[in-house]
Amino acid sequence: MLAQQLLNGVVVGSVYGLFALGFTLLFGVNHIMNMAHGAVFMWGAFAGLFAVTMFDLPFAAALVIGAVAGGLLSVVLDWVAFRPLRKRNAPEFSAIVSSIGANLILLSLAQQMTATRVMRFPFDTFPIRFYEILGVRVQLLQLVIMAVVILTVVGLVWYLQRTNAGRQIRAVAYSEGTSRLLGINPFSINFQVFFLSGALAGVAGVLIGLVFNSVHFMMGEPLLLRAFVVIILGGLGSIPGALIAGLLIGIVQVLTVSYLSAGMADVVVFSLLFLVLLARPTGLFGSASGGAARVARQ
Amino acid sequence: MLEVSGLSVSYSGIRALKDVSLTVGKGEIFALIGPNGAGKSTLLNTLSGMVQAQTGHARFDGVELIGRPAHRIARAGLIQVPEGRQVIAPLTVRENLELGRIAAGTRSGDRNALDRVHDLFPVLAERRTQLAGSLSGGQQQMLAIGRALMGAPRILLLDEPSLGLAPVIVREVFDALLRLNASGLTILLVEQNAKLALETAHHAAILEMGRVVMRGTAADLAHDPLVVDHYLGRTEETA
């Protein structure tokens, strides 16, 4: 029973990690708290859903379409909600407010479009198959989700650590001013970071939509709140922190729901946040300067 | 090579540069000296596109720099080594140098740039896998210069390269600059250590309160009684 719940927790938690990763990436490089990240996640889920219901595409294509849709929406958000503020050197708080506004607009549009209904993936989207591994019932979907999360994270880390473009992103995260002096085009970096951040949210959206078999306009909101816990727990801007804290939150949540009650999940999760912050104000993996990727921008 | 004329810059209501004009010739070292807050760094930052000028021109081989974004200016070959080194601390020495290559773009397909930087500063080859933030101040300055050289600069702008370094390291850095200049690189140097700057440069200008108050060959300035009084005497004490 416990092993079974731990597995469920790891699956949900790894998707939380993916979602939080996009949020923390944007914060680490661009110093932006994107309050519309949950809406990007939700629209990514809808894009994946429509790919399946309207165009009869397979699951893998739905994932790719969810990623691309999330990425493009995130880039549009940058143009509409963030870039005009950046141009005028507005304080960081303005970006939070403008993304809250963008979030509301994106939610309302989705609500209008779906008439507030909860939508589901068709039954045959993903074959329902179970395996017995060491006495634990494992769904094929769960295995695939973990594989997708691992591949996505490995791909992201490879991109950031091993490519030319990734090196430029890390340079901008450390100091945008110095990067410009080196000939790095800040617009190109912004585009990449917003796209990557949104694509991670989009993939997470399709996965969560499948796991709970429910896609609706409010699905991103509880996740955004939990993503805050994840990135604060993991340390702002820290990629390993987001993943490990995501897993942790997923496990804690699933265990609370199954052993205590569903209503207690957020109580336990947020109490955990309090306790960790009392002991380590910069989070589990955050440094005093604010994490691995995030350092003061000059 | 670089012609600055009538350049004025204001920051939040304060005029940092007032009608600055100067010319840097190809192949020379030009030094800008002057007290703290005279506008020396502002001038470099305006040339490299980090600060916007209100009026005036800066032409680099005939191309107007004012109004161009910083990354385009770097890619055109005007590369600044910023004050305080500004190496990308969480990246390795090698990664910092590779970043420098971006400015070269398609302008120069120089595959030997890394070897030449390593020849100039062998310590950068020894420490290539070390994080830039773990280097000493002098090594960071060498890295910052090496990184700029990777971009195949046509003119190198240096902001206070001697700041905070031990005299023996300063000597090493300036010897490297002289060698680079001997191989044809044009250098615009901002330096508070006026004695060192005038010994190194061919031409120099003195900036005070945002204005050029004196300019000429470095040798003439070094013997001008006013300069000796105001700048050379004082640097001896603090150096």
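## Helix 5 of chain A

Helix 5 of chain A covers residues 140–162, a run of 23 residues. At 1.5 Å a residue it should span 33 Å, and its end C-alpha atoms lie 32 Å apart, which agrees. The model is predicted.

Which residues of helix 5 of chain A are buried? They are Leu141(A), Ile145(A), Val148(A), Val149(A), Thr152(A) and Leu160(A).

## Chain A as a whole

Chain A has 11 helices and two strands. Along the sequence the order is α-α-α-α-β-β-α-α-α-α-α-α-α. The radius of gyration is 19 Å, close to the 19 Å that the globule rule gives for 298 residues, so chain A is as compact as a globular protein of that length. Its C-alpha trace spans about 55 × 45 × 35 Å along the principal axes.

Of the 298 residues of chain A, 49% count as buried.

## Where chain B meets chain A

On the chain B side, 22 residues are in contact with 14 residues of chain A. Helix 2 (70–75) and helix 3 (93–100) of chain B each supply at least two residues of the side that touches chain A. That side of chain B divides into 11 nonpolar, seven polar and four charged residues.

Technical notes. Residues numbered from 1 in each chain as written. Chains lettered and ligands numbered in written order. Predicted model: local features only at pLDDT ≥ 70, side-chain atom pairs only at ≥ 80, totals over all residues. Helix = DSSP H or I, 4+ residues; strand = E, 2+ residues; numbered from the N terminus. Rg over C-alpha atoms; globule rule 2.2 N^0.38 Å. Buried ≥ 20, exposed ≤ 12 C-beta atoms within 10 Å, placed from the backbone. Expected span 1.5 Å × (residues − 1). Contact = placed C-beta atoms within 7 Å. Nonpolar A, V, L, I, M, F, W, Y, C, P; charged D, E, K, R; others polar.
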